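Work through the exercises below with the sequence and the model in view. Each task is followed by a solution in steps.

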Amino acid sequence: MRLKYPDAIRIIRVPCTGKVDVLHILHAFEKGADGVYVVGCLEGECRFENGNLRARRRVEQAKTILDAIGIGGERVKMFNLSSGEGTRFAEYAREMTEKIQELGPNPIKSAKQRQAA
Amino acid sequence: MIVAEKKPIEEVIEMVKDYHKILIAGCNECVTVCEAGGKKEVGILASALRMYFTNQGKQVQIDEVTLERQCDREYLEELRNTIDQYDAVLSLACGVGVQFLAETYFSTPVYPGVNTLFMGATEERGVWSERCQGCGQCILGQTAGICPISRCAKRLLNGPCGGSTKGKCEISKDLDCAWQLIIDRLKELGRLADYEQLAPIKDWSRERAGGPRRVVREDVRQ
């Protein structure tokens, strides 16, 4: 297929999106990620029954926390696709990258730079 | 177990915003089971606070620890050598743990990170409900193992009241009438005749009405 998607994205593979915890998402932002999106299997088609549904709820939880602390909950999002949908994977990657570019960099990064200076 | 829920992060920030070195202390017992103040919740809150303060341009050190229990001195002792490094401790234990920590380390400000609610059970993951109010004089033997003190809105000893409709309480259609549950279970146990026996007047002085309570057991005391 050899589809192109933005090279700003770093993929972290997990056995199931149900493995992704709020803590992982928050740590990513703490370390300077500008955005985090979780790509799970289609809802109703989780091999582990409800891993992707759990991930969605955790993404929502992370969103609430990020809003409360002024980082912005819109920097985190959940997507679903099947393993055969490479085209959609690339679309989501572009969609998320464009959205994050609109939002600008993670404010934590510039705050840390200011503190270091 | 004791059931608690996380305080909103905005409220936590308001409490600790003037400190520069904060220790967030979780508890491995009840609050871990009800997912309000265990190791994971400590990590989430610490990460969120670190980001908040960094974003605000403040340099605040936030450390994490989770004790086996905060309602026992032997576990609180684990903080003895490090607690003086901190301006404040944010405890995610229940109200008991927060107070015992504050009593143990008298000169360190301690703040609660959770709202402690009740003694209850895990109905399913994410759903906890009240089962005991610690009234000090258990009557579960007479009420088929269902507590009217904690589960009846009026704490009736001889119920149900006129507000019981189709097995539900008048205060909420989602709340079972405790006395309906009692009658149903007495029937199931073949003990419906027990329902006819009037409950004697309860000694409420053994509950909170008698002031803060204490148990002293000379047989186990050291």
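This is a predicted model: local features need pLDDT of at least 70, side-chain atom pairs count only at pLDDT 80 or more; totals for chains, interfaces and linings use all residues.

Residues are numbered from 1 along each chain as its sequence is written, while chains are lettered from A and ligands numbered from 1 in the order in which they are written.

**Exercise 1.** Describe how helix 1 and helix 2 of chain A pack.

Step 1. Locate the helices, which are DSSP runs of H or I with at least four residues, numbered from the N terminus (strands are runs of E, at least two). Helix 1 of chain A covers residues 22–30 and helix 2 of chain A residues 51–68.

Step 2. Take the geometry. The angle is about 40° and the axes are 9 Å apart; axes are lines fitted to C-alpha atoms, for helices over the stretch in contact, and angles run from 0 to 180 degrees between N-to-C directions.

Step 3. Classify the angle. Helix 1 of chain A is therefore oblique to helix 2 of chain A. Angles under 35 degrees count as roughly parallel, over 145 as roughly antiparallel, 65 to 115 as roughly perpendicular and the rest as oblique.

Step 4. List the residues in contact (C-beta atoms, placed from the backbone, within 7 Å). Helix 1 of chain A brings V22(A), I25(A), L26(A) and F29(A), and helix 2 of chain A brings R58(A), Q61(A), A62(A), I65(A) and L66(A).

**Exercise 2.** At what angle do helix 1 of chain A and helix 3 of chain B pack, and which residues make the contact?

Step 1. The angle is about 25°, with the axes 10 Å apart, so helix 1 of chain A is roughly parallel to helix 3 of chain B.

Step 2. From helix 1 of chain A come V22(A), L23(A), L26(A), H27(A), F29(A) and E30(A). Helix 3 of chain B supplies K40(B), G43(B), I44(B), S47(B), A48(B), R50(B) and M51(B).

**Exercise 3.** How many residues of chain B are in contact with chain A, and which element gives the most?

Step 1. The count is 14 residues of chain B against 17 residues of chain A.

Step 2. Helix 1 (9–16) and helix 3 of chain B each give two or more residues to this side of chain B. Helix 3 of chain B gives the most, with 10 residues.

**Exercise 4.** Find the residues that touch the most other members of the largest nonpolar core.

Step 1. Such a core is a set of buried Ala, Val, Leu, Ile, Met, Phe, Trp, Tyr and Cys residues joined through C-beta atoms within 7 Å. A residue is buried if 20 or more other C-beta atoms lie within 10 Å of its own, exposed if 12 or fewer, and partly exposed in between, with C-beta atoms placed from the backbone.

**Exercise 5.** Which residues of helix 7 of chain B are buried, and against what do they pack?

Step 1. In this helix (residues 178–188), A178(B), W179(B), L181(B), I182(B) and I183(B) are buried.

Step 2. They pack against helix 6 (148–151) and strand 9 (172–176) of chain B.

**Exercise 6.** Is V96(B) buried or partly exposed?

Step 1. V96(B) belongs to helix 5 (residues 95–104) of chain B.

Step 2. V96(B) counts as partly exposed because 15 C-beta neighbours lie inside 10 Å.

Note on methods
Two residues are in contact if their C-beta atoms, placed from the backbone, lie within 7 Å.
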